[in-house]
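Me: I have a model open and would like to talk through how its pieces pack. Could you start with a helix against the sheet?

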Amino acid sequence: MLRREVDSYLQAYCRGPVKKCLVIRGARQVGKTFSVRELAKSGIFSSYIEVNFLKNPELCEIFSGSLDTQSLLMAFSVYMPESRFVPGSTLLFLDEIQECPQAITSLKFWAEDGRFRVIASGSMLEMDYKRPTSYPVGSVQYLDMKPLGFREFLWALGMQDSVIDMLKGHVKDCSPVPEGIHEKLMTYLRTYMVVGGMPEVVQNLVDTRNLETVDATQRALLEDYRNDIAHYAPPEIKIKAEKCYFSIPNQLGKENHKFQYSVVERGGSARKFGDSIDWLRNADLVLYCCNVSNVESPLRSFADEENFRLYPTDIGLLTAMYDFSVKKMILSEQTRASAIGQAKGALVEALVACMLTHTPDRQLYFYKNDSTHMELEFLLSSADGVIPVEVKAGNSRSRSLDRILEKDGVPYGCKLVSGNAGVTGKKRTLPLYMAMFL
């Protein structure tokens, strides 16, 4: 069983006062249903009721009439006579709720009633597709769920919290990690780069330790995503959204990682493909990283929305878009020290993007100035100011970061490398795997 960081959040939510329904959002197959089912086994509730609108579309009839809770309880007794609603001790799980717009509207009335804990889950909830007639504004709180982060991946491989806590201590003082532990963590990171964090894929790795079966699972998931785009995207952008998504390896393979519509299709333009990018972002299929003109707070004020980079939300799915030989290269024992570097830097950049976005509500920004030839892969907002992050597949010089750190308003910067930790002035050098702590 995979341990997820979201599990403790769900338990805290269910033990707290009933105020709002919880809506878990995220791309398909990131583990939303599994985590709620594990919550149901925790002993908090004496009754658990699950409705999956994709699997049982006929259950949408429960919500076809009046949506006050008394009417809904009556409808449940007709369509699901085995269901048992116990005030104060029932968890109602409405899975794939995007398939039943009226069920989304009903969340307002469940929240007002307050006798039952209601969690909804779904993919692409903010799509125009099957939009509810009335959205329950003010009656829900949201939890965005992603594939397994690197910390969760380490848990899956059996790493103890004490080791992870020890690593976090090295981030604070930038002291070198013991070499044996550092080498092991780099091996784990290369494995994470190949496997990613989709729960089914990680469980496959844990069960079989066979990368060929892992690869087959990833490629099946990519086909599922292709089918999801065909099913959920509006007719006018289905093909365009698919082309944009599967162009990402080519986009990142260029020297300039800026997303270019001409790579998607010769003569492509924002006018033709812009809506497709918006759809992919709202569907949680891609991470969006916007260029800024100044390394100053607030970063949003300096954002250039026309200059952006895209990364898939899971590093393993990106790696699976390449030939299987790329995975062998990354994991090669013969090139152990530089294997990640040989993945051309783009995969490392995408890896760090996936790790950084496990911090809730974080927007990614980068800085690239063609006139000064300065480039910083990521900029992070913090209470201290803007923190520039430069990513190096190996451990080469960081000219752009060094120049930015000369500015008075920049408190410090991070250089993520394949080597060990250290500090020089305002520059904190950290191993790539420590991106999970930033």
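Reply: Helix H16 (residues 346-356) lies across E6, E7, strand E8 (364-369), strand E9 (374-382), strand E10 (385-391) and strand E11 (413-417), and runs at about 5° to E9. Helices (H or I, at least four residues) and strands (E, at least two) are DSSP runs numbered from the N terminus, contact means heavy atoms within 4.5 Å, and angles run from 0 to 180 degrees between the N-to-C directions of axes fitted to C-alpha atoms, for helices over the stretch in contact. This is a predicted model, where local features need pLDDT of at least 70 and side-chain atom pairs count only at pLDDT 80 or more, while totals for chains, interfaces and linings use all residues. Residues are numbered from 1 along each chain as its sequence is written, and side-chain values use heavy atoms, leaving out hydrogens and water.

Me: What's the strand order in the open sheet?

Reply: The eight strands run E7-E6-E8-E9-E10-E11-E13-E12 with mixed pairing, where a pair needs at least two DSSP bridges. Strands E7 (303-312) and E12 (422-424) are at the edges with a single partner strand each, so one side of each has no neighbour in the sheet.

Me: And how many bridges join E6 and E7?

Reply: Strand E6 (residues 286-292) pairs with E7 in the antiparallel sense over seven bridges, and asparagine 291 has aspartate 304 of E7 as its bridge partner.

Me: Switching topic, at what angle do H9 and H10 cross?

Reply: The axes of H9 (residues 211-232) and H10 (residues 238-246) cross at roughly 150° and come within 8 Å, which makes H9 roughly antiparallel to H10 (over 145 degrees).

Conventions. Angles under 35 degrees count as roughly parallel, over 145 as roughly antiparallel, 65 to 115 as roughly perpendicular and the rest as oblique.
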